[in-house]
Each structure stands twice: as C-alpha cells, then as structure tokens.
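Hello,

Here is the structure for you to look over. My notes on what turned up follow below it.

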Amino acid sequence: MTLAERTETGRGAAPPAARQRPRRRGAVTRPWLLLAPALLVMGGLLLYPLLRVLVLSLQDFGLRELVSGRTNRVGLDNYVELLTSPELWTTVLPNTVVFAAVAVALTVVFGTLVALLLARLSPVVRGVVTTAIMVAWAMPAVTGTYVWVFAFTPGDGVVVQALDALGLVDAATANPFAGRLSFYGVAALNVVHHGFPFVALTVLAGLLTIPRELTEAAIVDGASAWRRFWSVTFPMLRPVFAVVTVLSTIWDFKVFTQIYLMPGGDGVNRNVLTLGTWSYVESFAQNRFGLGAAIAVLLTALLLVVTVVYLRLLFREDEL
Amino acid sequence: MWWLRGSRTARRSAVALLAAAALALTGCGGDAGSGGGDDRTLTVWIMEGTNPDAEPFFSELSAAFTERTGATLDVQFVQWASAHDRFITAIAGGTTPDVAEVGTTWVAEFADAGALVDLEPRVQEAGLADGLVDGLVEAGTIGDGLYGMPWYAGVRSIVYRTDVFAELGLQPPTTWDELVAVGQRIKQARPDLLPLPIAGDNEFIVYPFLWGAGGEVATRNGDTWVSGVDSPQAREGIQFYADLALVHGFSTPAAATWRETDVRDAFTKGQAAMIFSGSWTPKAILEAAPDLEGKIGAFPIPGRDGGLAPSVLGGSLLSIFETSDDQDLAWQLVEMMSTGEFAAKWAQESSYFPGTTALLAEAAQSSDPLVAPFARQMAESGRSVPVTPAFGQIQGKKTIAAMMRSILTGEATVEEATATAAAEMNQIFASGA
C-alpha cells in the first residue's frame, strides 16, 4: 500500500507533512526521547560490540591477555599483516566475494521465480507450497549443512551415486569436497536452499500489492511476460529487491556455519577459507584475537561498501 | 528414506544436537560453581565418546562424591572436535568449569595462559608424584608446575580383520615392506575392501611414519623450536605414508577429507581390511558392528625395518581452572577420579590405559588380543608430540592435516607441502615465544 501511494504522489510535490508546523520547545527533543529506548538497546547490543572489535583489532590479544586482562596495543600491525598476506588476496577474498556474488544472484533469481509462481497459484495450493518452502527456511543451518554434506558424501552419498548412475562422475574416485569449485558448488546449493524462501515470500508480498490494472494494461498493449516483469513489476518492486538483495548479500558475505562444517572447511583445506572462517580460525584455533578482529573489521567495511553501492544503484539519490 | 540411516548422519546430527544442548547448558549453568554450604556444585567437563557409555560411570561417581563431600557434580559432555574452541570461548567469557578433562596437547597452551591451577603441591602432598605415567606427566609439566593430573592414556596402532587375514593366509606385518605386501595382497584378492584407508584430516598417523623414518616433528633449540617436517628423513616417512594411498592405492580419494572417525565408519561398515586406530576404539567398533565380533584383531604399527614405529601417546589430564571457587573440593574430585577404584573402572570401561603406573602395569598384563598389542606399542614406543604452547597453536591451525590433505589430493608434492608446513610451524614458533 505504501508503495502504491509513494508512486502515486509522484516525484513533483514535496510531502505535505514537512511543510509548516510551528517549532515548539520539545519538538527537537521529543523524537529523540521516543527513540531513546531503541537507541539504547542498539547501542548496547550492536554498537558496543562493534567498537570492542575495533579496539581489539588494534591489539596483540592472545589467550594470555584474555586471562590476565592486560592489553597490548600494536597500532595497525594486525592490519598490515592482514593486508600484506598473500592468502588474503589469492584465496580468502576471491572466495568470499565470488561466492557471495554467485549465491546472492542465484538466491534472488530463484526466489523471484518462486514468488512469481506463487502469485499465480490458487490460495490453497499457494498455502501448501509456501509451507513446503518454509520448511527449508526453518531448518537450522547446522542441520541443513549436514544433510547436504551427507548427500554429497564421497562414495555412498545419494547425489554422488546419482551422478555416477548418469555416468557423470565415478563414485569410487570423486570427492566433491576436495576441489575448490565443487566444494563451493555444494556450499552454494546449501546457502541458496536456505536463503531463497525469504526472497520468495518477500517478493510475493510485494507482488500482491501491484494493482492488477497495471499488468492488465500491459497485456492489452501486447507486452511479453519478460517485458511485463522488467517494465512494470520490477520498477514497482525496486525497494523490495533492494532489501532482499542487501540482506542476502550481508548473509552470504559472512556465511560461516555452512562452510565451517563441511569437510575441510575448518581450516584443513586452505583453498576454501572465507573471511568468516579465516577470522574464526585465527581467533579461536590460533588464539590471535587481534588478527581475527582485524579480519572481522575488514569484512564489515567490505559489507558497508557493497551495501552503499547497491543502494546507490537501486535508488536515485532523491529517493534516499 | 533409506539413505538417512547411515551411521555418520546419525552421529553428526547427534553431535549437532549435543553441541547445542551443551551450549545451552553452559549458558544457564555458568555460575553454578559459586554458592556455598550444602549446595556446592562442581561443574565438570568430560570429553564425549572416550567411554562409549559414560552415563552410569558418572552417576556412580556423582553419588560417591556427594556421599564423601556433600557437594554435587554437574557433568557436561563436550565433543573432542569442538572442545578446544569451547575451552577458549569459556576462558574468554569466564565460564570455565571447575574441573575438566584436558587433552595432552592443550595443557601447555591453557597453563601458559594462566587458566589452570598448578597441582604440583597437591600431588606432592598426596604422595602421588612417583606413581604417574611419564608421558602424561611430561605433557602436563610447564616449567616447575604440573597443570594436569594424569587420567588416562592411549596410543594408536592398527586394527585389522582377522577373518580376511586368515582367508588370505596373511600374518600381521612387522616391517614397512611387509605392510605394503600385505596391502597389495588384500587389494588383489579382495577388491571390495580398502586395504588401509589414509585419512587426510588425522595428523596423529603422520607422526609414526615421520618418526619411524628418523625424522622429528620439531626440535628444541634453546628457547625456541624448529620444525623438522621438511628434513630428508621426515619427508621420506611422509612420502611412504602418502604412497600407501597415492602409489599403492590402499585408500580411496574420498579419504583425503576424512577424519579419524570417518575411517572407523568405513571399518564398521565392513569396507576396510585394516585401519589405523586408537587403543580405545575396538570396543566402540564392536558396539557399532556386532557382526565383527571375533573377526577383528590388532597389531602395533611396525617400524621401518622391524621393531615398532613410535606412536603418539595421547590422552587426557584432569585440570582445575583458576576460576574455580573451591579448588580444594575440585582437587578431591580430581584425586578420586585419577587414582584407585574409579580410575581403574574408567580405564577398563573406556579401553584406555590408566594414568598411574601401578594401574598401567596391571593393564599391560592383559592377554586380550585387542588390548595387548596397544599396550606393547604404548610401553615400547609411546612418544609425546612437542610440549609447547605453540604446538597447540599449530594443531589449532591444522598445519599437519592441511599438509597431508594437499598431498593426498595431489595439489602438492611431499617436498612442497612439507616446506609450506615447516614455514608455517616456524612462523608460529617464532611469534609464539
């Protein structure tokens, strides 16, 4: 509804609410007062840990410091070590970025297709399909990962057996977890499977708000299905796509469980480290919490940049 | 869905569930160690799976402990695979247990960080100092302090299918050449079996071959340590070990990402003829696959030209954490668990060897074909990995496992992989000190 209103009020006139209202005492403080509880919670749960990680990343912080409570400031040493590490540039960063890009694209495209399908179904069937989708969403990442790992287990995994029956691989020698590409193939399936229901349901909610007349008019004008999607549906749902894309990007960039729990994902296979698993391995297996924190800061900065770029692309400046 | 029945999934789901449950438990029970009077509670962390069915043991122990001291025990089980991380997070969050079973290679690390209590005075006072198994004492000693009470020890040897050996007229090998010959015979006569799977993610079988060829994992050089995995001898041993899979084809490419437990799964499913296995596993194997009863035996990992290859003496110590409010009470529990009746009972139930020399001597007399070969390997060639906090870090980084994985998948040659691993180890040795 708000979407429709927004497009109808158009781009010309300024919103009436802001026009004229006498500035009374308290007009400035009241919104802040009302926001205060939320800000306090956000500050405590979000801002403080964020700052703590930032401070940590400037220290050489190991198990000894952890127990004794002493601190050992080293300035930007952790960042220097991180940014000059060949591992970062040849493995970790490409893995993280390419995997996230592919996973987000697949999740959003597949989720949208499912949403378009759902929009066409009768309410009863839609209910059934939605429930089925929700199961994938509700499955904890740990469980889901083990199911996928099990399906791809070398030798007797059901997928490996099926591919063997089709003559595509040799079940006796194939190991999907050994190679970088196949490892991430399995991980992508897992992540997309877990992530598409959110996209599908959010886009579906958006689809249902589009006035029927618009689509009907387009059909009368002889627009093809693709054309209708690209010229009518997509522009109207731009904010929805922005939200699902940004959220999926954030989730897929910092994906951890799905990688860490796969065979070799816990640092044994150095070719498949991502920023998330690398940060964890450095922090908790290596007790180098400072370096781990620096990796986490890098990941956060990267996410911020990506998010800003997305929002710029998806909205014109006056809409923000 | 028939394919969901596999033991691995069942176990993995169980792992996940347990981990979640354990996390929830610590979350709620973090401050259980406080309080006084009659409602004193000791939180105890025990590694899951050492004793296939540990519940009865600990309910008995709890009852006996409550009777003796009036305090109650809160025993929590932790998976080996996630235990190191859990200890670190607990140390970070101040939620460490009062008493915990700590693996031999971690004691140095935690003690160095100041998280563990020095038990030396208490051990002396109790008159226990002379009766403890050397390898475990070595693992628990940092400087002049003893930061863990030896609890139990185990060693890895080879478990094999006696029925297959009998069918093919084979004898347990006593040299590396014989090991290859036996494997080749099995490969040729029983193509349905893996002669000897080589797991990529199991560093503890790399060392017997590395040592067996005359190499060293790392050597002490004054205050620092130097990696030895890239020495010609070490490379020769690692090459032999890798060739069991790469040249002789005794393994499967899938094993490049296996852990020790995956190897055991293959054996219980009847897919392997020999496996490298801990002294504690035969019992678990028979429990998982009762049809193998009477069909399995064990022999020590042979030395290159006879004798025995050194094998890692692993095990656990019982440590008290500095955060414990009542360290005297905690020591009472440690003493109760590591000596006398309960220690013997634990060793017997878990098929490990006890941590006191008196009890170990008793166990070594065993004529059980699934105990005696391990006892021999432990007594004659049990060896400790380098005792330094840095080595715990190297294990955390999975340097040796990563090296083995890259060799087994063909991504790197032994020369390349050992050079990489040695560089990584030396870097950690240099920065850790």
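In chain B, 6 strands make an open sheet of mixed pairing, in the order β2-β1-β3-β13-β6-β14. Strands here are DSSP runs of E of at least two residues, helices are runs of H or I of at least four, and both are numbered from the N terminus. Two strands pair if DSSP finds at least two bridges between them. The edges belong to β2 (72-78) and β14 (353-354) of chain B; each has a single partner strand, so one side of each lacks a neighbour in the sheet.

This is a predicted model: local features need pLDDT of at least 70, side-chain atom pairs count only at pLDDT 80 or more, and totals for chains, interfaces and linings use all residues. Residues are numbered from 1 along each chain as its sequence is written, while chains are lettered from A and ligands numbered from 1 in the order in which they are written.

Back to the sheet. β6 (149-154) and β13 (314-320) of chain B pair antiparallel over 5 bridges. B:P150 sits opposite B:L317 of β13(B).

Next, a helix. Buried residues in α10(B) include B:A234, B:I238, B:Y241 and B:L244. Buried means 20 or more other C-beta atoms within 10 Å of the residue's own, with C-beta atoms placed from the backbone.

Now the domains. Chain B is assigned domain 1 (2-153 + 313-383) and domain 2 (156-312 + 386-432); the bounds come from an automatic or database assignment. Their centres, taken over C-alpha atoms, are 26 Å apart. The contact takes 28 residues from domain 1 of chain B and 29 from domain 2 of chain B. Contact means C-beta atoms, placed from the backbone, within 7 Å. On the domain 1 side, α16(B) gives the most, with 6 residues. That side divides into 11 nonpolar, 10 polar and 7 charged residues. Nonpolar covers Ala, Val, Leu, Ile, Met, Phe, Trp, Tyr, Cys and Pro; charged covers Asp, Glu, Lys and Arg; the others, Gly among them, are polar.

Last, the chains. 28 residues of chain A are in contact with 31 of chain B. On the chain A side, α3 (63-68), α7 (141-151) and α14 (275-285) each give two or more residues. The largest share, 5 residues, comes from α3(A). This side of chain A has 16 nonpolar, 10 polar and 2 charged residues.

Best wishes

How values were computed
Contact = placed C-beta atoms within 7 Å. Buried ≥ 20, exposed ≤ 12 C-beta atoms within 10 Å, placed from the backbone.
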